[in-house]
Amino acid sequence: MKRSAAKHIIVGIHVTERVKQAGEIQRVLTAYGSNIKTRVGLHDAAAGGSKSSGIILLEMVGAEAKCLGILKKLNAIQGVEAQKFVF
C-alpha cells in the first residue's frame with residue numbers, strides 16, 4: 001500500500017509597502033509563530049536604502065486549516081498579497 005506523504009505548505013507574501021506595514025505583518029506572523037517552520041525575506045537592498053516592496057516565504061507546519069488561516073489575516077492588510085502553494 002502506497003503511503004501518502006505529508007503536504008508541504010508554503011505561503012508567499014508580496015508586500016508593496018514594506019516599511020509602512022512591517023508592524024502589522026509582524027503581529028500576524030507572531031500569532032502564527034508555532035506554525036511557521038522557516039521564514040525567508042527577500043527585498044531589493046539597493047544602495048542608499050532598501051526598496052519599499054519585498055517578498056516573504058513561509059514554510060508552514062501543523063494542521064492545514066490552521067496554517068492557511070494566516071492567508072485571510074495577511075490579505076486584510078493594505079499593500080499585502082498572500083498566496084498558498086501546497087505540494
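Is E17 buried, partly exposed or exposed? I looked this up first. E17 has 27% relative accessibility, so it counts as partly exposed. The cut-offs I used are under 20% relative accessible area for buried, over 50% for exposed, and partly exposed in between, with a 1.4 Å probe and protein chains only.

**Entry 1: ground rules**

I am working with a predicted model, in which local features need pLDDT of at least 70, side-chain atom pairs count only at pLDDT 80 or more, and totals for chains, interfaces and linings use all residues. Residues are numbered from 1 along each chain as its sequence is written, and side-chain values use heavy atoms, with hydrogens and water left out. For helices (H or I, at least four residues) and strands (E, at least two) I took the DSSP runs, numbered from the N terminus.

**Entry 2: salt bridges**

I counted a salt bridge when a side-chain nitrogen of Lys or Arg is within 4 Å of a carboxyl oxygen of Asp or Glu. Side chains of opposite charge can pair when their charged atoms come close. I found 3 salt bridges in the structure.

One of them joins K7 and E64, at 3.1 Å from N to O. K7 lies in the segment before strand 1 (9-15) and E64 lies in helix 2 (residues 64-75), so this pair ties together parts that are 57 residues apart in sequence. I noted K7 as exposed, because its relative accessibility is 52%. E64 is at 29%, so I noted it as partly exposed.

K20 is exposed at 61% relative accessibility.

I then looked up K37 and E59, whose closest N and O atoms are 3.9 Å apart in a salt bridge. K37 is in strand 2 (residues 36-43) and E59 is in strand 3 (residues 54-60), so the pair ties together parts that are 22 residues apart in sequence. K37 is exposed, with a relative accessible area of 57%. E59 is partly exposed, at 23%.

**Entry 3: the nonpolar core**

In soluble globular proteins, nonpolar side chains tend to be buried together. I defined a nonpolar core as a set of buried Ala, Val, Leu, Ile, Met, Phe, Trp, Tyr and Cys residues joined through side-chain atoms within 4.5 Å. The largest such core here has 20 residues, and V11, I13, I25, L58, M60, I70 and L74 have the most contacts inside it. Two or more residues come from each of strand 1, helix 1 (18-31), strand 3, helix 2 and strand 4 (80-86). Helix 2 gives the largest share, 5 residues.

I checked the contacts of L58, where contact means heavy atoms within 4.5 Å. Not counting residues up to four places away in sequence, L58 touches I9, I10, V11, I13, L29, I36, T38, R39 and I70.

**Entry 4: helix 2**

Helix 2 has 12 residues and reaches 18 Å from its first C-alpha to its last, close to the 16 Å expected at 1.5 Å a residue. The expected span is 1.5 Å times one less than the number of residues.

Which residues of helix 2 are buried? I listed C67, L68, I70, L71 and L74. Seen down the helix axis, the buried residues fall within an arc of 120°, so they line one face of helix 2. The arc is taken from the directions from the helix axis to the C-beta atoms. The face turned away from the buried side carries the exposed residues A65 and K72. The buried residues of helix 2 pack against strand 1, helix 1, strand 3 and strand 4.

**Entry 5: strand 1**

I found strand 1 mostly covered, with 5 of its 7 residues buried. I counted two strands as paired if DSSP finds at least two bridges between them. Strand 1 pairs with strand 3 in the antiparallel sense over 7 bridges, and G12 has L57 as its bridge partner in strand 3. Strand 1 also pairs with strand 4 in the antiparallel sense, over 7 bridges. There, I10 stands opposite F85.

I9 is in strand 1. I9 counts as buried, because its relative accessibility is 4%. Leaving aside neighbours within four places in sequence, I9 is in contact with L58, E59, M60, E64, C67, L68, F85 and V86. The C-alpha atoms of I9 and L68 are separated by 8.4 Å, and these residues are 59 apart along the chain.
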